[in-house]
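This report is a brief introduction for a first look. It covers the ligand, the salt bridges and the surface.

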Amino acid sequence: MDGCYQASMNGNAQNMEAVANVCPFAGSVNEDVIGEDLFSKQEGVHHDQYLGYWLNAYVGYASADGWRSRGSSGGMVSWLAAKMLEDGLVDAVVHVKDGPDPEHMYTYQVSHSVDELKTGAKSKYYPIEMSEALSYVREHEGRYLFIGIPCFVKAVRLLCREDGILNERIKYCIGLVCGHLKSDFFAKSEAWESGVPLDDIARVDFRHKTPGSPASDYAVEVRRSGGGEPVIKRTAELSTTNWGLGYFKYNVCDYCDDVLAETADVTFGDAWIPKYVNDGEGCNVIVVRNRDVQDLFDRHRDELVLHDSDSAEVYQSQAGGFRHRRQGLAYRLHVHEQRGEWTPTKRVKPSLEGIGERRQQIYAMRTALKNESFVAFRKAVDANDFNEFKKTMKPIERAYTRLSVPLKKRLVIGCKKTMKRVLPSGLTGKLKSMLSYHQ
Ligand SMILES: Cc1cc2nc3c(=O)[nH]c(=O)nc-3n(C[C@H](O)[C@H](O)[C@H](O)COP(=O)(O)OP(=O)(O)OC[C@H]3O[C@@H](n4cnc5c(N)ncnc54)[C@H](O)[C@@H]3O)c2cc1C
């Protein structure tokens with residue numbers, strides 16, 4: 001109904017406690033505890049409240065074999081998965097690839113070869129679930145690498161604590177930095193606003209690179225069921241792509257405090273920081289937590305361009321996400337507590353401490369923006385007109401901008417709008433794209 005998966009229990013679970021334990025949101029074992037078990041005993045390991053346990057941090061990209069141009073940012077995730085296969089660390093990789101039909105655009109699948117990995121690159125801002133892929137792992141002996149966003153990696157780690165077979169077979173996890181996961185309304189709205197009607201959408205590539213512009217200024221590529229040329233549209237020209245607004249966000253993402261997949265052996269994100277963002281080919285921010293991964297990087301250093309980084313730079317690359325997931329989460333938990341509602345137990349405690357009035361209003365409005373985006377999309381579908389979505393969201397978005405964007409910045413945006421009337425759309429798109437992922 002809202003284009004999101006919801007957890008459910010199939011069959012006869014005997015041990016209800018074990019079932020509760022594997023939920024990444026309601027379970028009582030947090031990322032610090034899992035991280036400590038997995039990584040803390042290694043020599044030279046550091047701990048940080050944002051990065052979790054970590055050995056080394058880098059910014060860089062995979063320079064060999066076209067991985068970077070195939071990938072969302074630096075192509076390092078697919079490169080590393082390929083090297084783990086080639087070096088015999090694992091036999092197969094569990095990750096997200098093209099699904100069977102437009103209603104299941106992307107699904108978790110198992111790749112056994114480098115060629116299969118190549119077809120699975122790029123970020124999918126799309127609802128996915130892993131039950132079938134994990135059943136496959138249970139039924140087929142082997143050593144597996146799992147790739148996922150933070151809550152999926154945490155769920156896999158928790159499952160491994162309960163399930164001996166999975167624990168033996170899932171040898172490594174790669175984490176993707178995560179701002180939040182999207183309902184399938186996101187893919188549909190991007191395609192629809194780009195000019196492809198809902199019943200003609202075959203697949204959306206969420207991260208089509210646009211050479212010559214900053215890495216954050218990318219496009220979507222929409223393939224049509226009816227065939228013909230795909231439609232390419234800069235995300236900066238679409239209404240739903242400002243990540244700070246949180247349109248079509250899974251509700252549960254507002255109750256997560258793990259931005260950097262702290263339970264993964266290594267985490268990769270977008271290095272959208274001033275030093276690197278202008279390189280349109282894309283760079284990864286990288287946090288290494290497992291010595292085996294570091295050894296692999298060292299063995300194949302000639303296939304990589306890596307700049308040493310540190311926790312401050314990694315934090316900076318995700319500062320907006322951390323504000324929303326730490327201070328914002330404390331606010332949201334406090335609000336629920338005041339209303340007498342159930343809240344999950346998080347590392348962040350319910351509190352208003354240090355959160356000014358304006359900031360509280362910003363967090364409250366983000367919840368409204370998220371909720372209303374679902375209502376507005378359904379209204380647009382009923383009216384068979386995407387403008388209905390824009391009409392519903394614009395007043396709320398304007399009120400949010402007045403609240404969250406300082407006057408000086410609003411003036412710049414005003415100038416941008418004026419420029420839009422006189423300049424080609426690509427140039428103004430670049431300015432808007434700089435606001436993406438910023439929360
Ligand atoms: C939902 C989501 C939100 C994100 N939010 C942020 C953010 O706020 N900040 C930030 O810096 N980076 C974010 N990222 C990560 C970023 O988009 C890139 O995935 C990352 O930089 C790796 O790029 P790459 O070029 O190295 O990966 P590639 O070489 O392109 O490989 C990507 C790999 O990830 C797998 N994959 C793609 N989508 C999913 C998915 N939904 N679930 C599990 N596996 C998947 C693919 O199968 C592939 O193996 C997000 C990613 C996702 C999926």
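This is a predicted model: local features need pLDDT of at least 70, side-chain atom pairs count only at pLDDT 80 or more; totals for chains, interfaces and linings use all residues.

## Salt bridges

A salt bridge here is a side-chain nitrogen of Lys or Arg within 4 Å of a carboxyl oxygen of Asp or Glu.

R224 and D200 make another salt bridge, at 3.0 Å from N to O. They too link distant parts of the chain, 24 residues apart. R224 belongs to strand β9 (residues 219–224). D200 lies in the loop between α9 (184–193) and β8 (201–208). Are the two partners buried or exposed? R224 is partly exposed, with a relative accessible area of 27%. D200 is buried, at 16%.

## A pair at the surface, and a network

E341 and R339 also meet through their side chains, 3.5 Å from N to O. E341 counts as partly exposed because its relative accessibility is 38%, between the cut-offs of 20% and 50%. R339 is exposed, with a relative accessible area of 54%.

Some salt bridges share partners. In this way E31, D32, K154, D257, E262, R326 and R347 join into one network.

## Around the ligand

How many residues surround the ligand? There are 34, and the closest are S73, S78, V96, K122 and S123. The shell divides into 15 nonpolar, 15 polar and 4 charged residues. Four elements each supply at least two residues of the shell: α4 (76–86), β4 (92–101), β6 (144–148) and β11 (266–270).

A side-chain N or O atom of H95 is 3.0 Å from a ligand oxygen. M76 contributes a polar backbone atom, 3.0 Å from an oxygen of the ligand. Taken alone, the ligand exposes 930 Å², and the protein buries 99% of that.

## A nonpolar patch

M9, M16 and V19 form a nonpolar patch on the surface. Together they have about 260 Å² of accessible area. M16 lies in helix α1 (residues 16–21). M16 is partly exposed, with a relative accessible area of 47%.

Methods
Residues are numbered from 1 along each chain as its sequence is written. Side-chain values use heavy atoms; hydrogens and water are left out. A residue is near a molecule or strand if one of its heavy atoms lies within 4 Å of it. A polar contact is a pair of N or O atoms within 3.5 Å; within protein, one must be able to donate a hydrogen and the other to accept it, and residues adjacent in sequence count only if both atoms are side-chain atoms. Accessible areas come from the Shrake-Rupley method with a 1.4 Å probe; for residues, only the protein chains shown count as cover. Ala, Val, Leu, Ile, Met, Phe, Trp, Tyr, Cys and Pro count as nonpolar, Asp, Glu, Lys and Arg as charged, and the others, Gly among them, as polar. Patches are made of residues with over 30% relative accessible area and no salt bridge: like charges are joined within 9 Å, nonpolar side chains (Val, Leu, Ile, Met, Phe, Trp, Tyr) within 5 Å. Buried means under 20% relative accessible area, exposed over 50%, partly exposed in between (1.4 Å probe, protein chains only).
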